[in-house]
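Biologist: I'd like to learn how to read salt bridges in a model. Could you walk me through it?

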Amino acid sequence: MPSEFALIRKHFTRPARHTDLAVGDDAALIRPSAGMQLAISTDMLVAGTHFFADTDPEDLGWKTLAVNVSDLAAMGAAPRWVVLAASLPAPDEAWIAAFARGFFACSEAFGIDVIGGDTTRGPLNLCPTIFGEVPVGSAITRAGARPGDDLWVSGTPGRAALGLAQLRGEAELADGYRADCLAALDRPQPRVALGLGLRGLASSMLDVSDGLLGDLGHILEQSTVGAVISESALPLAALQAACGDAALAFRACTAGGDDYELLFTAQAGRRAEVDALARQLGLPLHRIGEITPAADGLRLLGHDQQLRPLAARGYDHFGR
């Protein structure tokens, strides 16, 4: 049976690109570029909570890193380094090798050095900590939205939720959509290029991990504002075509989460710049609403043009 250190040497040691000292010592040594701030985030993925225990390990390796990359994208930061702490039920080398392939495929895709971590025996639990760089004063936070700003979301949030519904037997997705929704769940694509392109353009931003409405609530709270979402502006058509159920499509889009699309605000006078960025990246950006005064709360403008209050609810690890 291979030792902990042999597993690390074999599966998690790669040449580093922008690191002074990486895997193999008591600590890594990194040097941020001049004029940059470090952006740091960590996300824990637990078997049975964040993924099924029998999830393909290569897909899981990609997703474990991708969800952390998404946090940096949401700040307008460029990912640079990651450390990984993991508890494993057993040193299953075939599983570890497949997981490492997915993890390093994601690190290569986004230019990230894997610079250390730790392993131990225990329930399957994966906890990366990622470091990135953003020019001083340029990070996009949740606190900058102002009344009159447009509210935008990238891509088609809800695809991962439909993929999960398929796996749970709660929906039967159409053949032309099933693979796409499952890929959104298993191999999310962090919107790093979009986050970088929104520096100086977005007034606030976050990634949609726990549901569009729930995550929007964080912007509303941090910015002390309200919002109106237009039902007709939500990207629901493809979701409804996938599942054949308008109510399920709406729930998946607004409360599903796990797509890691970016939800952001920008001044209404800058719509042309946002549209130009969408064309440049080949990524749909949907203007789904408007920021309003805090006293208005969160409301939905329905197809009937009536305003109704909405609850900013999303996934809560300790919710009931």
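Biologist: Which residues are linked with Glu58 in a network of salt bridges?

Modeller: A salt bridge here is a side-chain nitrogen of Lys or Arg within 4 Å of a carboxyl oxygen of Asp or Glu. In this case, the network links Glu58 with Asp59, Arg101 and Arg187. Bear in mind that this is a predicted model, where local features need pLDDT of at least 70, side-chain atom pairs count only at pLDDT 80 or more, and totals for chains, interfaces and linings use all residues. Residues are numbered from 1 along each chain as its sequence is written, and side-chain values use heavy atoms, leaving out hydrogens and water.

Biologist: How many salt bridges does the structure hold?

Modeller: There are 13 salt bridges.

Biologist: How far apart are the closest N and O atoms of Glu58 and Arg101?

Modeller: They are 3.3 Å apart. Glu58 belongs to helix 2 (residues 57–73) and Arg101 to helix 3 (residues 93–109), so this pair ties together parts 43 residues apart in sequence. Helices are DSSP runs of H or I with at least four residues, numbered from the N terminus.

Biologist: Which accessibility class does Glu58 fall into?

Modeller: Buried means under 20% relative accessible area, exposed over 50%, and partly exposed in between, using a 1.4 Å probe and protein chains only. Glu58 is partly exposed at 26%, and Arg101 is partly exposed at 47%.

Biologist: Which residue meets Glu273 in a salt bridge?

Modeller: That is Arg270, at 2.9 Å from N to O. Glu273 is partly exposed at 37%, and Arg270 is partly exposed at 24%.

Key:
Helices (H or I, at least four residues) and strands (E, at least two) are DSSP runs, numbered from the N terminus.
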